[in-house]
Amino acid sequence: MKNQSETGSGPNRSTKKTAGASKPGSLPPPKYSEKDSLFTSDSLDNDNVTSRQEKTPRSTAVSRQSNEWQPSQYWVHVAVLTVFSAITRFYKIGLSNRVIFDEAHHMGFGGKYVNHTFYHDVHPPLAKMLIGLSEALTGFDGSFDFKSGSRFPANVNYTFMRLFNASFGVTLAPMAYATMVSLGCSPNAALLAGLLVCFDNALCTISRFALLDAMLLCFTAMSVLSLAGLYKYRNRPFSAAWFKWLLATGVSLGLVASAKWVGFLAVGLVGLYTLYELYDIFGQQEVGVVSHLWHWVTRVVALVAIPVAIYMLCFVVHFNLLYKSGPGDAEMDSLFQAGLQGSGLQNQPLDVAYGSKITLKSAHPGAGLLHSHTDAYPDGSKQQQITGYSHKDTNNDWIVKKIHGQSFGNTTETIEFVKNGDIVRLVHERTSRNLHSHSVAGHVSKRDWEVSGYGIDGTYPDANDHWRVEVVEELSKNNPERRLRTLATRFRLRHVNQNCVLRATGKSLPQWAWRQAEMVCDRRNHLDENTIWNVENHVNPLLPLAKSGQLKSSFLRNFVRLNLAMARSNNALTPDKDKFDALSSSPQDWPIMRLGMRMCGWEDGEVKFWLIGNPVVWLLSTLAVVLGPIQMLYYVVRRQRGVCDFARQSEWETHLYVSGILWGGWALHYLPFYAMGRVTYQHHYFPALYFAAMYLAYFVEWNGRRIAGTASSPSTRAALLALGIAAIANFLYFAPFTFGFDYPAKDLASRKWFSSWNIYDAAK
């Protein structure tokens, strides 16, 4: 297959047309500099290399072997990098028998899968399920709670759990190498990229514990490797190899997004590449309408449908494994909780009747249950307080009654059910106060009306005790009479006289109300989730219990609800300005290595780990990602002025594509953290570092070619070799921080290169 520069199609058509004399009124043809070609098509388009090899005599091919890939060389390099990675990730991995850093969270979550108890966390479930799998493979019985800093008991094979996790980290260096190969780099540059990833202390350290980061990095590396393969076969769309890499990209995106939400940054990288590629194809007039359609359809299926299916499948497995009531129940709605084994919401009547004792759960997260107690408001009406309370309490119980002056049946034969549109009274069981509202301003939300407890049941009848039931959503089946149902009916309570709706504001009342959630009657009629309620607990001895399966939430509803809860929890992880967090760091700290992080206690006799990167990798990659765009801008300005520094248009386009993938991957995985309000840590930079390390190797080779004219020049090879040796030497120098040390940290004072590094306490 010919490439675009050979056929004159695609982006190079304009170059073909302007090769001769200029048209009247047009710019003169670009003046090419006398420098040698930066990238030869032999080294950068492996597909064309293959096709040329098939047509080139053996003697000619051998004479160019330094620029072409030999299969044996490729697999030798992969094997070497894999061995080095395994040694650095597995060496002394069981040295510390304590729970280190976030192992307390993630190994604890893995134990929930062993025990099948439901929990809540800010991250998607895939990586935690894999940690749970490692625990199950050891025969772990789920009895250990993984408290931070505690020692592992003899029956917990923590070494295997860490080895299982570290195996994901082993793959990073070989995949970095393979990525560089697919992007068309020389063997030396690809090998350097693999070595920089293999011998970075931070990437190695984070892979050696049962954390989520090794899996996130592995799936990120899979994504960029697959994207590089897709780029490699960009001129052979719909071929078997192209389809293979397209599907691999979709699978990788599904995995990385299911490990941590930061994985969606990889999705963004692939999305931008795909849109640019489709835009480029759109400009190729020889591509017909049907072919255009197939380009879109195949990408939508592979890069949208497949990742979404994998992401949702992880939650299917998650819900099926966690079928027992646990500490995360409160983050889900009442109907979901009722489906968990051991939940107190099972074995309840289905249809709510007059005379039933119920609790009302707000749809607003954190508002809890409608609550009252004997304390009165200190101002306003000075009537009994109505609040929201998240814990189980008899002060959450209400009796459903008819309006003042009306009675209801209290036998099995005469019982009456509450239906949509009914006007009811809610009487607080413990104090006999009616749920009441009137034209008195709220106590925090002053623009809404106060809700209070008033009267003593029917002793002081007041029409302001009357509320209309308005059903918003019915989640059960076969409810033709639109009865109010336990857990399954979502409804609003509208005050009859004031025409306002009962609302959880999301704010807390002052200390005089025990900081409980504020409830008001919203006179502006904001019909959002904050005004929606459901019956959570229901007691009525006159009614039969619901049949099995009647109180069950659908998967799609649970999926949406849990993801919204994860988003809220992520947004709540904001830094506390009043507290000093020794573990957190800011995005501006990461590229310059301003801070390291103590991963455990710092007692002299205990094994200690200090999370810090390899200065050669971090600082030089930072220099590369800063200089790269500046250099790119330099060439863009020169091209705009009519001076081209490349012998062929394809060389410039290749540089744009490769830089877009590597530098763009770094930028997409790093710059968004400046806009995030959540607390950040050093390990958030690691996916960006993976791209930066590859870009450093590419940047060095690219400029070596610009200077020497070929990648095989002694100077270019010497620069790549020097970088590799320096990276390995620095890794070994900082190895005690990576593999652990059990002597006073001050003994490593010579490794404190920056005054901001907290290797040891100055007072000691």
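These legends walk through close-up views of a predicted model.

**Figure 1. An overview of the whole protein.** The protein contains 23 helices and 16 strands. Its C-alpha atoms fill a box of roughly 105 × 75 × 45 Å along the principal axes. Of the 764 residues, 55% are buried. If you look at contacts between residues at least 6 apart in sequence, 74% of them join residues at least 24 apart.

Figure 2. The largest nonpolar core has 142 residues. The residues with the most contacts inside this core are M180, F219, L662, W666, Y690 and M694. Helix 21 (residues 686-708) gives the most to the core, with 15 residues. A second, separate core has 29 residues, and V352, I358, Y377 and V451 are among them.

**Figure 3. The surroundings of F219.** Here we stay with one of the residues that have the most contacts inside the largest nonpolar core. Which residues does F219 contact, leaving aside its neighbours within four places in sequence? They are L126, L130, F168, S252, L255, V256 and A259. Two of these names return in the next view: L126 and L130 are buried residues of helix 8.

**Figure 4. Helix 8 and its cover.** Helix 8 spans residues 126-137 and so has 12 residues by the numbering used here. From its first C-alpha to its last, helix 8 reaches 16 Å, close to the 16 Å expected at 1.5 Å a residue. Is helix 8 mostly covered or mostly uncovered? Mostly covered: nine of its 12 residues are buried. The buried residues are L126, A127, K128, M129, L130, I131, G132, S134 and E135. Their cover includes helix 7 (103-115), helix 9, helix 13 (213-232), helix 14 (240-259) and helix 16 (289-321). After helix 8 comes G139, with a positive phi near 85°.

**Figure 5. Helix 9 against helix 10.** Helix 9 (residues 158-170) and helix 10 (residues 172-182) pack at an angle of about 20°, and their axes are 5 Å apart. That angle makes helix 9 roughly parallel to helix 10, because angles under 35 degrees count as roughly parallel. Helix 9 makes the contact through F168, G169 and V170, while helix 10 uses L172, A173 and P174. Five of the contact residues are nonpolar, one is polar and none is charged.

**Figure 6. H495 in strand 10.** H495 sits in strand 10 (residues 489-495). Is H495 buried or exposed? It counts as buried because its relative accessibility is 0%. Not counting residues up to four places away in sequence, H495 touches S437, N464, H466, W467, C500 and C521. H495 and V469 are 26 residues apart in sequence, and their C-alpha atoms are 9.3 Å apart in space.

**Figure 7. Two loop residues with positive phi.** Most residues other than glycine have a negative phi. N499 is not a glycine, yet has a positive phi of about 55°. Its place is in the loop between strand 10 and strand 11 (501-508). At 43% relative accessibility, N499 counts as partly exposed. W514 is not a glycine either, and its phi is positive, about 60°. This residue lies in the loop between strand 11 and strand 12 (517-522). W514 counts as exposed because its relative accessible area is 51%.

How values were computed
Residues are numbered from 1 along each chain as its sequence is written. This is a predicted model: local features need pLDDT of at least 70, side-chain atom pairs count only at pLDDT 80 or more; totals for chains, interfaces and linings use all residues. Side-chain values use heavy atoms; hydrogens and water are left out. Axes are lines fitted to C-alpha atoms, for helices over the stretch in contact, and angles run from 0 to 180 degrees between N-to-C directions. Helices (H or I, at least four residues) and strands (E, at least two) are DSSP runs, numbered from the N terminus. Angles under 35 degrees count as roughly parallel, over 145 as roughly antiparallel, 65 to 115 as roughly perpendicular and the rest as oblique. Contact means heavy atoms within 4.5 Å. Ala, Val, Leu, Ile, Met, Phe, Trp, Tyr, Cys and Pro count as nonpolar, Asp, Glu, Lys and Arg as charged, and the others, Gly among them, as polar. A nonpolar core is a set of buried Ala, Val, Leu, Ile, Met, Phe, Trp, Tyr and Cys residues joined through side-chain atoms within 4.5 Å. Buried means under 20% relative accessible area, exposed over 50%, partly exposed in between (1.4 Å probe, protein chains only). The expected span of a helix is 1.5 Å times one less than its number of residues.
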